[in-house]
Amino acid sequence: MQYLVSVITNSTELATDEEGAAIDVFNSRLQAEGHWVFAGGLGGPDTATVIDNRGGQPLVTDGPFVESKEYLIGFWIIEAPDLDVALALATEGSKACNRKIEVRPFL
Amino acid sequence: MVGALTRRFGDLDLAEEAAAEAFATAVQRWPTDGVPPAPGAWLTTTATRKAIDSIRRENKRGGKQKEAQLLYDDGPGEPLGAVDDERLRLIFTCCHPALAMESRVALTLRMVAGLSVAEIARAFLVQESAMGRRITRAKAKIKLARIPYRLPSADDLPARVSGVLAVLYLVFNEGYLASGPGTDPVRNELTAEAIRLTRLVRALLPQDGEAAGLLALMLLIEARRAARLSPGGELIALDEQDRTAWDRTLIAEGHRLVRERLAAGAAPGRYQLLAAINAVHTSAHDARSTDWRQILALYDQLLRLDPSPIVALNRAVAVAELDGPQVALGAVDRLADTLAGYHAYQATRADLLRRLGRGEESRAAYDRAIELTGNAAEIAALRRRRDRSRTG
């Protein structure tokens, strides 16, 4: 079972050195315990481009699909047997990156 | 087993319901009939049968007799190992912290207590379709996000048990004093279900002091039910109740549990302290002989554990009995910032003002309390006290 662990932020500031080090430790643990699938940090909403080609005429918009105070800034994809394990890992992850986290199952 | 049934039926809803019924049957029959040679297979067969006639059974549910039966302990339950574990798993799943509180309450009543969606919707004054959606959504989340059917680990258990007890206490309180005007002011079916489920948790986790404490608390409150409502449908305060109408059997059991916890010697939690307070009340033959000093000491202990304004408000009631209404009013007034919109705050303040002969202020506070209350029986009681304040 895989979960998308989204990192939510409301500030454009990058992770501090301290946060970066804590994330590295957390990532190593995910890998050592077999939970690691993939992870990455993202550019802010200002760097986003939305494409809508539902009508055959591709429409390109500068910016995120929805403007909001809080937005996605990075994510992990983890392997976990159930939500309890995923939430326990996400709890650690939130502490490591010092950000709010959303956990969602892949279907 | 719910997992196995889900795989077999391909329907979480039906599987959970059927499994819960099968466990209930097992709990009832195995102590007398003996555990069958293949308990797992027996449960699966029973659950399958239950699934098939679940709809028909649901229509026959209800009735006052059943409510009455739910209330009393039917003897010492034999610990049943695997069966108990399964039932506990279901409770922990329904009360999972990843679900919203209202979903936990609804799911527990549906899956564990077996109430129909319509009954739950009525209890919480929402449309049946809305309640149905809430339950469906919660079940879909359990399935898709894979909330496990598993007892929490030893590390998580205390926090998770307290989550389960919070759900059961919420169900009980809604029955004890319904929050809205659209239902009976006291909903016996909810208090009965809450007591039944708390009995179960208590039987399954006998070492948990708070489970015992919550059960004792519920029993000691439930024991006073017959004396709480006047024939005219007005709530009767503790000091005005006819104590001969209290249920001695429930009181005896509640007192036994409180004594058991005292003997255990462990530091009591919130429910144990509330149970102890209610044990003091139910030990007094009349309101005058209430040991307020002991009640105040218990509230002091509770306040250290849970320094909430509501505890402080209840403590002030004991202070009024010991140090007089003037001292108590001072304590109550300090809570105005947080509790001014809470009906019990206004009602307590009104009572104190009335005792101090400050009639006009007292009536204004009663009016405010009446505005803030949704419960018809409580409104009737507040009106009577307000009018007494006018003449006295």
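**View 1. Helix α7 of chain B and its burial.** Helix α7(B) is mostly covered, with 10 of its 12 residues buried (20 or more other C-beta atoms within 10 Å of the residue's own, C-beta atoms being placed from the backbone; exposed means 12 or fewer, and partly exposed lies in between). The model is predicted: local features need pLDDT of at least 70, side-chain atom pairs count only at pLDDT 80 or more, and totals for chains, interfaces and linings use all residues. Residues are numbered from 1 along each chain as its sequence is written, while chains are lettered from A and ligands numbered from 1 in the order in which they are written. The buried residues of α7(B) are B:Ser103, B:Arg104, B:Val105, B:Ala106, B:Leu107, B:Thr108, B:Leu109, B:Arg110, B:Met111 and B:Val112. The helix covers residues 101-112 and reaches 16 Å from its first C-alpha to its last, close to the 16 Å expected at 1.5 Å a residue (1.5 Å times one less than the number of residues). Just after α7(B), B:Gly114 has a positive phi of about 80°.

**View 2. Helices α12 and α15 of chain B.** Helices and strands are DSSP runs numbered from the N terminus (H or I, at least four residues, for helices; E, at least two, for strands). The axes of α12(B) (residues 209-222) and α15(B) (residues 270-283) come within 8 Å and cross at roughly 30°. Axes are lines fitted to C-alpha atoms, for helices over the stretch in contact, and angles run from 0 to 180 degrees between N-to-C directions. The crossing is left-handed (near helix turned anticlockwise from the far one by less than a right angle; clockwise would be right-handed). Among the contact residues are B:Gly213, B:Leu217 and B:Leu220 of α12(B) and B:Tyr271, B:Ala275 and B:Asn278 of α15(B); contact requires C-beta atoms, placed from the backbone, within 7 Å. The residues of this contact divide into nine nonpolar, five polar and one charged. Ala, Val, Leu, Ile, Met, Phe, Trp, Tyr, Cys and Pro count as nonpolar, Asp, Glu, Lys and Arg as charged, and the others, Gly among them, as polar.

**View 3. Helices α16 and α17 of chain B.** The axes of α16(B) (residues 292-305) and α17(B) (residues 309-323) come within 9 Å and cross at roughly 155°. That angle makes α16(B) roughly antiparallel to α17(B) (over 145 degrees; under 35 is roughly parallel, 65 to 115 roughly perpendicular and the rest oblique). This crossing is left-handed. Residues in the contact include B:Trp292, B:Leu296 and B:Tyr299 of α16(B) and B:Val311, B:Arg315 and B:Leu322 of α17(B). By class, the contact of α16(B) with α17(B) has 11 nonpolar, one polar and three charged residues.

**View 4. A:Gly20 in chain A.** A:Gly20 lies in helix α1 (residues 17-32) of chain A. Because A:Gly20 has 13 C-beta neighbours inside 10 Å, it counts as partly exposed. Between A:Gly20 and A:Cys97 the C-alpha to C-alpha distance is 7.0 Å, at a sequence separation of 77 residues. Chain A follows the pattern β-α-β-β-β-β-α-β along its sequence, and buried residues make up 21% of its 107 residues.

**View 5. Where chain B meets chain A.** Six residues of chain B are in contact with seven residues of chain A. The chain B side consists of five nonpolar, no polar and one charged residues. Chain B has 22 helices and zero strands, and 40% of its 392 residues count as buried.

How values were computed
Two residues are in contact if their C-beta atoms, placed from the backbone, lie within 7 Å.
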